[in-house]
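Hi everyone, thanks for making time this morning.

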Amino acid sequence: MIIGLDVGGTNVDVVAIEKGEIVASEKIPIEREYLSENIFNALRKVIKKNSDIERITISTTHCTNAIVEGNVQPVAMILEPGPGICPSEYFDVNYCSISGYIDHRGTEIAPITKEDINRVRKYVEDYEYIGIAGKFSVRNPSHENYIKDNLIGNFKHITLGHELSGTLNFPRRVNSTYLNSCVHKIYKHFVDSLKSALKEMGILCPVYVLKADGGTMDLEASVRFPLNTILSGPSASIMGVLALTDVDEDAVSLDIGGTTTDISFFIDGVPVYEPNGIEIGGYKTVVKALYSRSIGIGGDSTVRLKDGRLLVGPQRLDKAMALGGKYPTPTDAFNVLGFCNYGDISKSYKGMEQIAQEMGIDVKTVAYKIYDMVCDAIVSEINRSMEEINNKPVYTVKELISGRKVKPKAVIAVGGPAKAIVGKIASILNLKPVVPRMYQLANSVGAALSRVTTEITLLADTEKGFMVIPEKGIEKRIDRNFSLREARDIALNILKSQGDGRIIEEQCFNMVRGFYTVGKNIRIKAAIKPGLIDSNRI
């Protein structure tokens with residue numbers, strides 16, 4: 001039995017799949033202060049006693065929602081930018097800059113001074129979460145490590161930029177370092193709640209978390225790098241669309257949740273991919289991912305009037321009034337219009353009446369205004385995202401599509417409100433509307449059926465004559481002529497027995513002493529390509 005668990009901002013969805021069939025499913029509303037109990041109750045209803053569970057794969061929107069809603073922790077950012085553009089040109093969070101510097105070859109040009117350390121110690125006094133990033137730390141991480149070792153305080157989490165990625169793009173690494181620390185608290189609470197629920201049920205099987213690129217990572221490892229889960233939920237919905245539909249053409253997919261709507265694209269049925277890193281909440285990151293854009297509009301987004309203007313989202317303060325919430329939401333508007341039938345519809349009317357009275361119009365008119373605002377906002381983001389994709393080289397998880405533009409033929413919608421709004425959105429865009437069967441379970445199905453992936457890192461230094469692959473415990477002598485091509489071949493051959501591998505990150509630079517090249521420093525990161533266990537499982 002395989003378990004797929006999707007923990008969003010609104011509901012816990014879980015499916016149990018056995019021999020290619022969904023044998024049980026459950027959806028439970030989330031009460032954030034009782035998250036562990038919510039997860040436990042959902043799992044208990046689908047897992048029978050003595051069930052033989054092969055594995056559990058989880059998707060979560062916790063980090064995504066936290067960033068979109070601004071529900072994050074303050075982070076003390078310590079930057080070593082060196083000469084060049086000031087970080088304030090691209091990073092709008094408060095930071096402390098130090099004077100040390102490592103150049104592009106990994107050589108120390110200026111050491112970190114005692115004054116730097118004293119200033120940093122004073123700066124971090126009131127913080128629990130820390131981020132440290134140096135411009136060329138991926139070539140030599142000694143300064144990041146030195147700063148960390150010399151901090152004084154009881155910090156909840158410290159992120160080092162070089163541990164997130166080997167890419168040289170410093171602005172993206174700075175953003176990523178910040179995001180990894182600022183979401184750590186909310187993500188650790190989620191993982192602790194999950195572990196508590198699993199322990200109470202006596203479940204000991206492997207547990208994985210779906211990453212933004214459709215691959216997986218071990219649950220324990222994910223706590224150190226919660227950044228990699230920021231689009232776990234959207235990734236699950238994309239995998240769910242692949243599992244539940246026969247998409248073989250260009251399409252746009254919508255995952256309409258309670259807090260956000262996630263927008264993704266397919267070319268000839270293959271998900272569009274972002275090899276340089278995703279952007280979320282205005283932050284460009286180093287996280288390679290299936291292309292997705294999240295906007296702060298969902299079925300439970302708060303609807304309110306501000307200075308006489310009707311606003312929808314981006315905050316979600318409670319569930320829909322029809323389900324016992326305190327504030328009107330789009331779901332309540334859809335109920336009033338007859339597009340949904342959730343909970344106590346009379347309470348939805350009360351919510352719409354509150355706004356209608358303030359605006360001096362009738363209830364149905366208010367509901368249609370909200371309906372139109374939701375659809376128009378999503379259409380606007382679809383058009384903006386499509387323009388963004390088509391203005392640069394288009395990648396899928398398989399390859400670079402040279403000279404190709406995304407031209408959707410269909411809108412595929414999943415999530416609770418999918419049926420309520422897909423028709424209007426498709427009509428505006430002149431596309432075919434598609435709502436898959438089991439559309440409300442797409443994320444948990446996608447999580448369950450996602451292939452378990454492996455990632456390895458190869459590090460080689462031809463001057464010292466050694467190569468290591470830490471994940472596999474491999475240490476090997478190499479000669480001075482060892483090349484990037486050889487490194488690629490070794491990494492892919494190691495993964496061959498587990499599936500179709502790909503290189504996701506690589507760098508090779510000369511090490512220079514005086515006027516002479518004395519060797520090469522090579523770094524390769526390779527992983528199994530994401531995909532479904534079996535595209536015909538459901």
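Buried residues make up 58% of the 538 residues in this protein chain. Please keep in mind throughout that this is a predicted model. As for the surface, the chain exposes about 23,200 Å², and carbon and sulfur atoms supply 47% of that.

Now the overall build. You are looking at 15 helices and 30 strands in the protein chain. The radius of gyration is 24 Å, close to the 24 Å that the globule rule gives for 538 residues, so the chain is as compact as a globular protein of that length.

How much of the contact set comes from residues 24 or more positions apart? Among contacts with a separation of 6 or more, such residues account for 64%.

A quick word on charge: there are 65 positive and 64 negative side chains. The centres of those two sets lie 2 Å apart.

The structure holds 8 aromatic pairs, and I've picked two of them to show you. Let's start with phenylalanine 91 and tyrosine 178, an edge-to-face pair with 5.9 Å from centre to centre and 75° between the planes. Phenylalanine 91 sits in the loop between β5 (76-80) and β6 (95-97), while tyrosine 178 belongs to helix α6 (residues 170-182), so this pair ties together parts that are 87 residues apart in sequence.

My other example is phenylalanine 339 with tyrosine 371: a tilted pair, 4.9 Å centre to centre, with 50° between the planes. Here again distant parts of the chain are linked, 32 residues apart. Phenylalanine 339 lies in the loop between α10 (330-336) and α11 (345-359), and tyrosine 371 is in helix α12 (residues 363-390). Phenylalanine 339 is partly exposed, at 32% relative accessible area, whereas tyrosine 371 counts as buried at 9%.

Definitions and conventions: Residues are numbered from 1 along each chain as its sequence is written. This is a predicted model: local features need pLDDT of at least 70, side-chain atom pairs count only at pLDDT 80 or more; totals for chains, interfaces and linings use all residues. Side-chain values use heavy atoms; hydrogens and water are left out. Helices (H or I, at least four residues) and strands (E, at least two) are DSSP runs, numbered from the N terminus. The radius of gyration is taken over C-alpha atoms; the globule rule is 2.2 Å times the number of residues to the power 0.38. Buried means under 20% relative accessible area, exposed over 50%, partly exposed in between (1.4 Å probe, protein chains only). Contact means heavy atoms within 4.5 Å. Accessible areas come from the Shrake-Rupley method with a 1.4 Å probe; for residues, only the protein chains shown count as cover. Lys and Arg count as positive and Asp and Glu as negative; His and the chain ends are not counted. The place of a charge is taken as NZ of Lys, CZ of Arg, CG of Asp or CD of Glu. Rings of Phe, Tyr and Trp (its six-membered ring) pair if their centres lie within 6.5 Å; planes under 30 degrees apart count as stacked, over 60 as edge-to-face and the rest as tilted.
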